[in-house]
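Please read the points below alongside the coordinates.

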Amino acid sequence: MENSANVKRKRVSEDSPGRTPPSQLQQKRIKLLDSRKQLPIWQRQKDIRDALRDHDVLILSGETGSGKSTQVPQFLLDQPWCRFPGKIAVTQPRRVAAISLARRVAEEMGTPLGSSSPASKVGYSVRFDESTSPSTRIKFLTEGMLLQEMLRDASLRQYSCVVVDEVHERSVNIDLILGFLRQLQTRRKGLKVVVMSATADVGSLRRFFAARLPEYAQPDQKTTSDRSQEDDALETDANDASWHGFSDEDSHDSGSDIATCHVEGRQYPVVTQYLDTPTEDTIEASLHRIFQIHCKEPTPGDLLVFMTGQETIQSLQKLIEEYALGLTADYPRMLVLPLFAALPQAAQQQIFQPTPRNSRKVILTTNIAETSVTVPGVRFVVDTGKAKVKQFRNRLGLDSLLVKQISQSSADQRKGRAGREAAGQCYRLYTEEAYKSLDKDNTPEVLRCDLSQAVLTMKARGVGDVLAFPFLTPPPKEAMEKALLQLLELGALDEHGKISPIGRKIARLPLTPALGRVIIEAATPEMDCLVEAIDTVACLSVEHIFLAIDTEEGREKAQVARRQLLRRQGDHLTYLAAVQAYAAEPSDRRRWAEDHMISHRAMQSVMDVRKQLTAQCRQAKLLQKQEAHPAADEATQERIVKCFLRGFSANVARVCPDGSYKTFAGNQTVAIHPSSVLFGRKGEAILYNQFVYTNKAYARDVSVVQLRWLEEALQ
DNA sequence: GAGCACTGC
């Protein structure tokens, strides 16, 4: 263990280069102690220590502002049970949170951060950035990083305690970690687990940790078949959060080894207003409400409007700006700012600029502002009550992305955004009855996604019978079986369901199993195109590299700017050309990206992923001294696409006489997505990486394939 | 001829 920790320490981190003198660190610590004592959780210090002295599991609920993420690890550090092996892991859903919490806790403890000093007691570990020291006691890390650590040591032997934060978010990774910890506690006595959630209702978590293992691992048969019917009907609402693996009936609550604790949050009051009658037109209703608030309420006080996506945000922005022209000079000025993930970084930064005097920011946002981005200065929230939700359909192997009603907890989260700095107001553009009829919680991601990666994650960490894995919310059996079949087809599992050597290699890669399989295929002597495959796969595993353009004129400009990069064979080879050209650019890469209307931010991530994949392939002995082939080599290009065929053999469609495409697997009609270079073109058959239903079924990331390649692949 | 919310290894 110590060895691997030392090796990791050599990796880069972004700590401040100069070391802070110890006396300054202590001064800062003493100064911060006063504000720590003001936190609601400070009073509960003894309760929390006692709870974990007497129990192995603590479920801690507390809203934002309680201070639980920073204080709980510090409360536990000097406890006798925490002396050996001595480390505390605290998981976080997002990289920025892991890093900033580590920085804050290091300051509060008066210790240097991470790798800046061998004496540092607090560190962090996120992808591409690890900052720990030999003395690290508290480590903040993303959920994915903890799962990666479990590949090296499934028993997590360096930790005395694992704290899982933000459990209410219910990502697949959180559910996997909870299941692993639940299993681990039966064979590693003394491992303490703290589960922290913003939701006060912790009944299902309690039952989960209290139940005897074999009994609750069985999925509920009745509910499973209900869900599979729903799966057939594309349009039905599958957002049924009332479905839980842990209903009161299957509770085996002994309660003996589980402590629970609730901590008050620290929020200003927020007044909620509902509509008297429901509305169909949320854009119109938002427009109306925004101007009402703006004309009636004093400044300062910014306004945050929750919408579904880029398109609705941009049309509402246009409407507001038109209407704002009619406002007299008596009213404050209005600054309308959109906020969504695809927005370039510079535009996103605008929301952090201070609002000028006598003006009001009106921020139109997706649910990025619900959890990931905290917008300062907000006193008013307008909530349309809707969000786009992704749902995987097993039968069709298709992701749908449709507008759905949000859950109550999501609505409450949005409302809370108005009360972070002062008392606020929240206007819900739906009736109070509608609110009461919403699902209580968000549907856990594990019920909404392709499970192949989760299943391979389990297999690689020693879970033999994945159908018996303790899920907080067991997915339908069909979904698990579909994932097992897909892994078998990829050769990641053998016919007995055991993980194969190929499967182990794929599981180490930070990729979906299908993309991982492409890498493995490309490394074979027959295919011999690993360098190219890494570049292409790296591009496919980050956000879209081509900047979105919304005018006809812009599109023509983009066509010209990108002309040398576009490949008639399709998106895969186009991405490869773009990565190769970017990587070969000797001087100003930012300039190159601008010239080609490519996102520099996306290309930087591509280069990070490329570096990581290259290192991992070298470690796995997949990559020896292989060099890139000349760019124009057509035989290589053909082999690259064939490698993708190995990973995505189910994602193939043939052209029909009417010019549409139909999938081989399910005879589904599929259209080439407008973002593809093949949009509007025809080939005898296409291969695609993603199959997404929005307003119709689209293939994304598409290349032309020949029918005889498919026959070869089937041999 | 139409465009995907958000995380993460």
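**Notes on the predicted model**

1. In this predicted model, the backbone nitrogen of Arg-157 is placed 2.6 Å from a polar atom of the Asp-153 side chain. The side chain of Asp-153 also has a polar atom 3.1 Å from the backbone nitrogen of Ser-155. Asp-153 itself sits in the loop that runs between helix H6 (143–152) and strand E6 (159–164), and Asp-153 counts as buried because its relative accessibility is 5%, where the cut-off for buried is under 20%.

2. The UniProt record, an unreviewed entry, assigns the feature "domain: Helicase C-terminal" to residues 270–462. Over residues 270–462 the chain is 33% helix and 26% strand, with the end C-alpha atoms 48 Å apart.

3. Around DNA strand B there are 34 residues, of which Ala-341, Leu-401, Asn-695, Tyr-698 and Arg-700 come nearest. By class, this surface comprises 14 nonpolar, 13 polar and 7 charged residues.

4. For Thr-694, an N or O atom of the side chain is 3.5 Å from a phosphate oxygen of DNA strand B. The elements that give two or more residues to the surface near this strand are H6, strand E14 (386–393), strand E20 (685–693) and strand E21 (697–705), and H6 gives the most, with 3 residues.

How values were computed:
Residues are numbered from 1 along each chain as its sequence is written. Chains are lettered from A and ligands numbered from 1 in the order in which they are written. This is a predicted model: local features need pLDDT of at least 70, side-chain atom pairs count only at pLDDT 80 or more; totals for chains, interfaces and linings use all residues. Side-chain values use heavy atoms; hydrogens and water are left out. Helices (H or I, at least four residues) and strands (E, at least two) are DSSP runs, numbered from the N terminus. Buried means under 20% relative accessible area, exposed over 50%, partly exposed in between (1.4 Å probe, protein chains only). A polar contact is a pair of N or O atoms within 3.5 Å; within protein, one must be able to donate a hydrogen and the other to accept it, and residues adjacent in sequence count only if both atoms are side-chain atoms. UniProt positions are given in the numbering used here, feature names are shortened, and annotations may be inferred rather than shown by experiment. A residue is near a molecule or strand if one of its heavy atoms lies within 4 Å of it. Ala, Val, Leu, Ile, Met, Phe, Trp, Tyr, Cys and Pro count as nonpolar, Asp, Glu, Lys and Arg as charged, and the others, Gly among them, as polar.
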